[in-house]
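I opened this notebook to record a few geometric look-ups, taken one at a time. The entries follow the order in which I made them.

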Amino acid sequence: MSHFEPTESFARSLDAADQLAAFRGRFCFPKNPAGRGEALYFVGNSLGLMPKATREALTQELDDWANLAVEGHFHAKHPWLPYHEEVRAGLAGVVGASEREVVAMNSLTANLHLLMVSFYRPTRERYQIIIEDAAFPSDSYAVQSQAAFHARAVGFDASRAIVRLRPREGEHTLRTGDVLERIDREAGRTALLMLGGVNYLSGQKMDMGTITAFARERGVVVGWDLAHAAGNVELRLHDWGADFAAWCSYKYLNSGPGAVAGAFVHERHLGDATLPRFAGWWGNDPATRFKMGPEFVPVQSADAWQLSNPPVLALAPVRESLAIFTEATMARLRQKSERLTGYLEWLLQRTAPGVKVLTPREPADRGCQLSLVLPGDARAAHTRLGEQGVMADFREPNVVRVAPVPLYNSFQDVWRLAEVLGKVTG
Ligand SMILES: Cc1ncc(COP(=O)(O)O)c(C=O)c1O
């Protein structure tokens with residue numbers, strides 16, 4: 001247990017000792033919605049802040065377009081033709097993969113679908129998809145529509161295909177033992193397990209290594225939605241042996257609204273010519289791509305799932321952001337994150353004892369986000385937070401989510417948030 005004190009000067013002393021504190025200065029903070037100065041920003045779990053360097057990176061691409069036009073594919077400062085390759089190392093570092101296993105493309109839900117084309121291979125016997133009951137709606141829609149897409153041809157009932165993992169009565173998060181027990185029970189009928197690495201609503205971090213190994217031993221394919229995990233917690237997708245994963249880049253990866261997402265395919269699948277796949281020319285082996293032949297020859301990397309040529313203007317922010325992660329490192333960020341979120345939790349017990357935290361208490365079972373149930377009318381309390389200059393978000397039915405992000409939130413920010421939460425709930 002860390003030693004904490006409830007004073008602002010103590011919070012400032014934590015900032016003074018923080019080796020990552022200087023990163024804060026590299027981000028643009030929004031204006032305080034309630035008055036002068038900057039907002040207290042705790043919504044990095046929804047949209048990460050803009051790195052100051054992003055503007056220049058975009059301007060560079062616009063200048064190269066203006067000055068070079070089509071020649072920019074070869075002669076831009078960062079040539080456009082292989083532009084997606086520039087983000088590979090950074091992405092691999094963030095999710096714990098080899099460079100061959102990751103690719104930046106599309107959006108998250110689109111990637112989940114493309115990956116399920118390859119990895120959801122239902123049979124009459126094994127057709128179920130296990131998800132968490134509190135899965136993000138887009139994931140629910142994606143798995144339901146995938147099951148419906150196959151049901152008639154394969155011969156199963158799509159309405160029975162989706163298995164939803166629910167917490168125990170009166171609990172808000174899933175117990176790993178219960179998840180494993182259910183996987184064991186359902187394995188004979190299950191084709192795919194697809195869970196969120198960190199749940200968007202509760203902030204619970206799943207034991208991804210244990211769950212992946214357990215399901216795979218029972219012949220279940222495993223995919224992870226890492227929307228709330230990438231850039232938030234340390235990931236080891238390769239070592240855990242996950243079959244596939246996908247994530248967005250607009251939350252903790254600070255790459256802007258609707259940013260280009262990421263995908264992971266485990267190395268053991270990369271040379272598998274039997275996998276069904278929707279193909280496009282940027283998935284073809286670059287050695288033969290411009291021979292313009294009609295036969296698809298997949299490159300032996302996750303790029304094989306890529307359809308189109310890289311969206312350079314959208315990838316420039318991803319490149320800038322990942323450079324920051326490479327410099328800061330996930331290990332150091334996570335170390336600070338555990339302390340930052342722990343400090344918030346500790347302060348809240350003092351300033352706002354009526355606030356209930358849904359997120360697990362153990363740092364190993366959560367990322368940076370705390371999901372709070374505020375006493376009384378949660379929506380009204382959320383509005384009052386805004387009036388006090390705090391940007392947090394509200395999720396139905398009564399959850400206020402706050403995410404202290406170690407790259408740009410300070411201990412003093414967290415101290416101020418705890419004070420405001422005390423005021424609006426007191
Ligand atoms: C867990 C999860 N899955 C899926 C999505 C949908 O993402 P997109 O709109 O990028 O497809 C989100 C968006 O916030 C999410 O949090």
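In which crossing, left-handed or right-handed, does H2 pass H11? I looked this up in what is a predicted model, and found that H2 passes H11 in a right-handed crossing. For the geometry of the pair, I noted that helix H2, residues 52-68, and helix H11, residues 312-328, pack at an angle of about 145 degrees, and that their axes are 9 Å apart.

I then listed who makes this contact: from H2 come Ala53, Thr54, Ala57, Leu58, Glu61, Leu62 and Trp65, while H11 supplies Val312, Leu313, Ala316, Pro317, Arg319 and Glu320. Sorted by class, the contact of H2 with H11 has 9 nonpolar, 1 polar and 3 charged residues.

Next I followed H2 into the loop that joins H2 to helix H3 (72-75), where I found Ala69. Ala69 is not a glycine, and yet I read for it a positive phi of about 45 degrees.

My next entry concerns the ligand. Which residues are around the ligand? I found Leu108, Thr109, Phe136, Asp139, Asp225, Ala227, His228, Tyr250 and Lys251, a shell that divides by class into 4 nonpolar, 2 polar and 3 charged residues.

A polar side-chain atom of Thr109 lies 2.5 Å from an oxygen atom of the ligand, and an N or O atom in the side chain of Lys251 is 2.8 Å from a ligand oxygen atom. On its own the ligand has 400 Å² of accessible area, of which I noted that the protein covers 82%.

Pro397 sits in the loop between strand S14 (393-395) and strand S15 (399-402).

Note on methods
Residues numbered from 1 in each chain as written. Predicted model: local features only at pLDDT ≥ 70, side-chain atom pairs only at ≥ 80, totals over all residues. Heavy atoms only, no water. Axes fitted to C-alpha atoms, helices over the stretch in contact; angles between N-to-C directions. Helix = DSSP H or I, 4+ residues; strand = E, 2+ residues; numbered from the N terminus. Left-handed = near helix turned anticlockwise from the far one by under 90°. Contact = heavy atoms within 4.5 Å. Nonpolar A, V, L, I, M, F, W, Y, C, P; charged D, E, K, R; others polar. Near = heavy atom within 4 Å. Polar contact = N/O pair within 3.5 Å; in protein donor to acceptor, adjacent residues only side chain to side chain. Areas by Shrake-Rupley, 256 points an atom, 1.4 Å probe, with all protein chains shown as cover.
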